[in-house]
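Welcome! Take a look at it first, and then we can walk through it together.

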Amino acid sequence: MAEYTFREVIAQAMSEEMRKDESIYLMGEEVAEYNGAYKASKGMLDEFGPKRIIDTPIAELGFTGISVGAAMNGNRPIVEFMTFNFSLVGIDQIINNAAKIRQMSGGQWNCPIVFRGPTASAGQLGATHSQAFESWYANCPGLKVIVPSNPYDAKGLLKSAIQDNDPVIFMESEQMYGDKMEIPEEEYYLPIGKADIKKEGKDVTLVSFGKIMKVAIQAAEDLAKEGISVEVIDLRTIRPLDYDAILNSVKKTNRLVILEEAWPFASISSEIAYMVQQKAFDYLDAPIKRITTPDAPAPYSAALFAEWFPKLEKVKEEIKNALYIKS
């Protein structure tokens with residue numbers, strides 16, 4: 001075991017797969033000469049050369065479309081968006097081409113491609129750079145959506161995504177690239193569509209994903225000191241969603257709190273809440289609680305942003321509410 005940062009394991013995962021398969025290449029803004037906007041492709045140009053590590057113009061529509069065509073013709077592109085906010089420029093190519101070509105061609109063409117980059121907020125970057133698009137992309141049949149919360153999961157899931165024959169949306173965070181974790185030296189893969197129980201508990205289930213998992217785990221640890229046992233589930237994959245992991249946990253704890261960094265309307269928490277009341281209603285001893293950002297764009301002001309982002313104390317309060325414990 002050795003300790004690596006999130007950005008280092010992203011580069012490791014891509015490099016390990018590229019050494020095995022010459023049809024895999026990386027393209028995006030500043031991925032080559034600059035070693036990546038977040039240094040998540042550091043050293044890859046030196047190893048693989050400019051034909052496989054490709055700097056692009058600031059033209060997401062163009063290089064997204066090129067990658068879809070390349071994937072249909074036997075290549076396995078990895079496309080880095082400097083942020084998924086910018087993927088909206090090329091979203092037509094992702095939704096109307098990458099996600100649908102296998103079905104529309106009757107299975108004649110696969111589209112093995114990974115679109116990766118940071119999602120959601122990263123501090124004072126303004127409303128147009130602070131949006132969580134997990135539910136947008138998860139809403140589209142044909143796409144798989146992965147949102148890891150730590151370096152170990154990120155490496156194993158990215159390697160699986162690169163080998164997958166379907167288009168995968170792989171969402172990271174600017175605020176996680178410096179996170180460190182011990183990573184096995186031997187090669188490993190993690191299955192797409194399998195949630196992970198980060199902490200076992202018996203009183204209430206807390207479901208989350210992505211960088212806000214740090215808040216979820218901290219809340220569980222704080223409440224354990226008060227005698228409250230919280231089971232923490234990291235979804236890891238948003239589509240396909242591991243419904244069974246959530247249902248099995250709720251049937252054990254009889255309570256559910258969902259935490260996500262996204263707007264509340266038509267969110268991932270909306271889907272989970274519906275599914276649980278549909279399939280495990282008789283197991284619930286309290287209403288399902290959701291914790292999201294306010295239904296408003298992210299503010300630029302540091303003080304306002306601190307109010308907008310889901311707080312640790314709010315998470316603990318809602319967990320206690322689910323248990324009918326007065327804060």
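What you see is a predicted model, in which local features need pLDDT of at least 70 and side-chain atom pairs count only at pLDDT 80 or more, while totals for chains, interfaces and linings use all residues. Residues are numbered from 1 along each chain as its sequence is written, and side-chain values use heavy atoms, leaving out hydrogens and water.

- You will find Lys39 in the loop between strand 2 (24–28) and helix 2 (44–48); helices (H or I, at least four residues) and strands (E, at least two) are DSSP runs, numbered from the N terminus.
- Although Lys39 is not a glycine, its phi is positive, at about 60 degrees.

**The chain as a whole**

- Twelve helices and 14 strands make up the secondary structure of the chain.
- The radius of gyration of the chain is 20 Å, which agrees with the value near 20 Å for a compact globule of 327 residues; this radius is taken over C-alpha atoms, and the globule rule is 2.2 Å times the number of residues to the power 0.38.
- Along the principal axes, the C-alpha atoms fill a box of roughly 60 × 45 × 40 Å.
- Of the 327 residues in the chain, 58% are buried.
- Among contacts with a separation of 6 or more, 81% join residues 24 or more positions apart, a contact being heavy atoms within 4.5 Å.
- The chain has 35 positive and 46 negative charges, and their mean positions lie 4 Å apart. Lys and Arg count as positive and Asp and Glu as negative, without His and the chain ends, and each charge is placed at NZ of Lys, CZ of Arg, CG of Asp or CD of Glu.

- Which residues of helix 4 (residues 91–98) are buried? They are Gln93, Ile94 and Ala98.
- These buried residues line one face of helix 4, because they fall within an arc of 100 degrees when seen down its axis; the arc is that of the directions from the helix axis to the C-beta atoms.
- In general, an α-helix has 3.6 residues a turn, so residues three or four places apart point the same way.
- Packed against the buried residues of helix 4 are helix 3 (60–72), helix 5 (101–104), strand 5 (114–118), helix 6 (134–138) and strand 7 (168–172).
- Asn97 also belongs to helix 4, and with a relative accessibility of 30% it counts as partly exposed.
- Leaving aside neighbours within four places in sequence, Asn97 is in contact with Val68 and Asp92.
- Asn97 and Gly126 are 29 residues apart in sequence, and their C-alpha atoms are 30 Å apart in space.

**Around helix 9**

- The loop between strand 12 (237–239) and helix 9 (243–253) holds Asp242, and Pro240 is in the loop between strand 12 and helix 9 as well.
- The peptide bond from Arg239 to Pro240 is cis, with omega near 0 degrees.
- Is Asp242 buried or exposed? Asp242 is buried, at a relative accessible area of 10%.
- Not counting residues up to four places away in sequence, Asp242 touches Gly193, Lys194 and Ala195.
- Within helix 9, the buried residues include Ala245, Ile246, Leu247, Ser249, Val250 and Thr253.
- Their cover includes strand 10 (204–208), strand 11 (230–234), strand 13 and helix 10 (268–279).
- Just after helix 9, Asn254 takes a positive phi of about 70 degrees, and its place is the loop between helix 9 and strand 13 (256–259).

- Asp153 is in helix 7 (residues 151–163) and counts as buried, at 2% relative accessibility.
- With neighbours within four places in sequence left aside, Asp153 is in contact with Pro148, Leu190, Lys198, Asp234 and Arg236.
- Ala302 is in helix 11 (residues 302–308) and is partly exposed, with a relative accessible area of 42%.
- Ala302 and Gln124 are 178 residues apart in sequence, yet their C-alpha atoms are 6.5 Å apart in space.

How values were computed
Buried < 20%, exposed > 50% of the residue type's maximum accessible area, 1.4 Å probe, protein only.
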